[in-house]
Amino acid sequence: QQVMQQQQQQQQLAAGQPGWQAAPGLPSAPSFGQPAGYANGGAPAPPPPAKSIDLLGDLFSDGPAPPPAPPATNPLFDPSQPQAFSAPVNPYQQPLQPYPPQPQLQPQHSSSFAPQASLPNPGFGPTPPIPSPANPFEQPFGDDSAFGPPAFQQQPPQQQSLPDFEPAQPIGSIDAWFANLLIKDKGVLYEDQYLQVGVQSMYVNGAGQVTLYLGNKHAGAAVQALAIRATPPAGLQVHVAPVPVMLAPKQQVQVVVQVMAMLPFQGAPDLLLDYKMGNTVVHQDLRLPVLPHKFVIPEPAISKELFFSQWKANSIPPNKAQEMVERATPLAIEMVTATARLANLGVEHGYLDPSPYNEAGAGYFVYGMPGAQQSVLVMARIEGNPATMAQFRVTLASQAPQLSMQLKELLAQHIRSA
C-alpha cells in the first residue's frame, strides 16, 4: 500500500497537479514565502533520487513507467536579461593582448659572441639590441673593475734572446799555470775574461784532495751549463764532486776532487771544462796537476847502503831515466837543491854526493787502498858542470819505469825554466 501511494504522488507531480502532501509520518516542507511544493522559485521540486524500493515498484507495476519529469525551470530567471549578480570583475586585470609574431632568428656562425636579434617584449616595447663587448669577459658595470678583465687568449711568454759575448780567451799561459802547480800546492789553473779556476791541493799517504775554486768574474751575467769531466790515466782514481750548472755574477763555488794512486802511473788526468756565457760556448781542455811525485814521501835520512844498492840494481833503462839540460844562464846549487825538494825528494846537500856541484836525494812513492798500501823507492842525482853551472845531467832510478820517467821530466823541466 505504501508503494502504491508513492506511485500516485509521482504521477500527480508528473501531471503538474498541486496538492502534494507529505507522506504519513514525515514533516511537511517549510514555507519561505512561496507556495508549497515549489523548491526553486515556483517550479515543482525534482523527484527524490531513485531508491531500491522504487526500482522494485517499477518492476512489479502493471503499466509502463511514466515519462521523466521535465527539468525544473525558474520563471524568475531570464538568460537574455543582464543578471544582477554576475561574476565579479577584477579591476586590476589588464586586457589580454595577443603576442605579435616573433621574427625568425638567423643562426650566427661568424662568432660565438655575436649579438643576437632583439626579442619583442609585450607591454614594454621592443628591447634595444645589446651591444657586443670588445672583450667577451667585459663586465656590464663598465671598466670600473678592481682586477680588470682576464686575458681572453693567453699569449706564450716571449723568450728573451741571450746577449752575445766575445769568445773566451785565456789571460795567461795554461802550460805555465800547470807547471807552476806541479811544484806548488795552490795557484791558478785556468782564467779567462769570464771564469777563473783556482786549485788548492793536499796529499797524505797515497791519497790527495784537490779543491777547485770556480769563480764567475762577470758582474752582470751568469755562467750557464757549467760542467767538469776528468779522465785519469791507468793506475789513478779520480772522483769529481757534483758541479753546479750555474754561477751567479761574482759568485764562487768549491768543487772537491778526490784522487788516489792505485799503482805507479804516468801522466796527468785530462780535465774538460765546459760552460756558456750568453750565446758564447766555451770548451777548454785542461790537465789536473796530479803527477806521481805528489804521492812521494821524502826520505832525506835514507841509509847510504840502501841507496847505492838500489841505485846499482836499477841502473839499466827503463828503470833508469836520464836527460841532459842546458840553460842560458848559470843556476846556483841552492836552486838545484830547492828544485829537488819541490819534487818531494829528501835531499841533504853533501850527504849522498860529496861534490859541491851535485845533489842527490830519495823518496818513497806510496800507492794502494788504505790499510793495504805499498811503496816504491825513487832515487835522483843532479850533476852540474863546475865550469859554467849552466849544464846539468838529471838521472832517476826506480823499480817502476813510470816513476823514473815522470820525475826525470819534472826535474829537467824546472831546472831548465828556473
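A: A definition comes before the first case: two strands pair if DSSP finds at least two bridges between them. The model is predicted. Within it, strand 7 and strand 8 (residues 252–261) meet this condition, pairing in the antiparallel sense over 5 bridges. On strand 8, Ala 261 is the residue that stands opposite Leu 236.

Q: In what order do the 5 strands of the open sheet run?

A: As a general idea, strands of a sheet pair through backbone hydrogen bonds, either parallel or antiparallel. Here the order is 3-4-5-8-7, with antiparallel pairing. Strand 3 (186–191) and strand 7 (236–240) are the edge strands, each pairing on one side only. On average, neighbouring strands of this sheet are turned by 25° against each other, direction ignored.

Q: Which helix packs on the sheet, and which strands does that helix touch?

A: Helix 3 (residues 174–182) packs there, touching strand 3 and strand 4 (195–204). The direction of helix 3 makes about 160° with that of strand 3.

Q: What is the order of the open sheet that 3 strands form?

A: The order is 6-9-10, and the pairing is antiparallel. Strand 6 (224–231) and strand 10 (280–287) each have a single partner strand, so one side of each is left without a neighbour in the sheet. The twist from one strand to the next averages 10°. Strand 6 and strand 9 (residues 270–277) pair in the antiparallel sense over 6 bridges. Leu 271 in strand 9 is the bridge partner of Ala 230.

Q: Where does Ala 222 lie, and which residues does Ala 222 touch beyond those up to four places away in sequence?

A: Ala 222 is placed in the loop between strand 5 and strand 6. With those sequence neighbours not counted, Ala 222 touches Asn 216, Met 246, Leu 247, Ala 248, Pro 249, Lys 276 and Met 277. For Ala 222 and Pro 249, the separation is 27 residues in sequence and 5.2 Å in space, C-alpha to C-alpha.

Q: Is the peptide bond from Pro 317 to Pro 318 cis or trans?

A: The bond from Pro 317 to Pro 318 is cis, with omega near 5°. Pro 318 belongs to the loop between helix 4 and strand 12 (320–326).

Q: How many aromatic pairs does a search of the whole structure find, and why is the pair of Phe 307 and Trp 311 stacked?

A: The search finds 8 aromatic pairs. The rings of Phe 307 and Trp 311 have centres 5.8 Å apart and planes at 20°, so this pair is stacked. Both residues lie in helix 4 (residues 304–313), 4 residues apart, about one turn of the helix.

Q: What is the volume of the largest cavity, and which residues line the largest cavity?

A: The structure holds 1 cavity of 30 Å³ or more. The volume of the largest cavity is about 30 Å³. Its lining is formed by Ala 340, Leu 345, Val 347, Glu 359, Ala 360, Gly 361, Ala 380, Arg 381 and Ile 382. Strand 14 (358–367) and strand 15 (374–384) are the elements that give two or more residues to this lining. The lining residues divide into 6 nonpolar, 1 polar and 2 charged.

Conventions. Residues numbered from 1 in each chain as written. Predicted model: local features only at pLDDT ≥ 70, side-chain atom pairs only at ≥ 80, totals over all residues. Heavy atoms only, no water. Axes fitted to C-alpha atoms, helices over the stretch in contact; angles between N-to-C directions. Contact = heavy atoms within 4.5 Å. 1 Å grid on protein atoms, 1.4 Å probe; cavity = no way out; pocket = protein on both sides within 12 Å on 5 of 7 lines; lining within 4 Å. Points joined across faces, edges and corners; volume = space filled by probe spheres on them. Nonpolar A, V, L, I, M, F, W, Y, C, P; charged D, E, K, R; others polar. Phe/Tyr/Trp six-rings, centres within 6.5 Å; stacked < 30°, edge-to-face > 60°.
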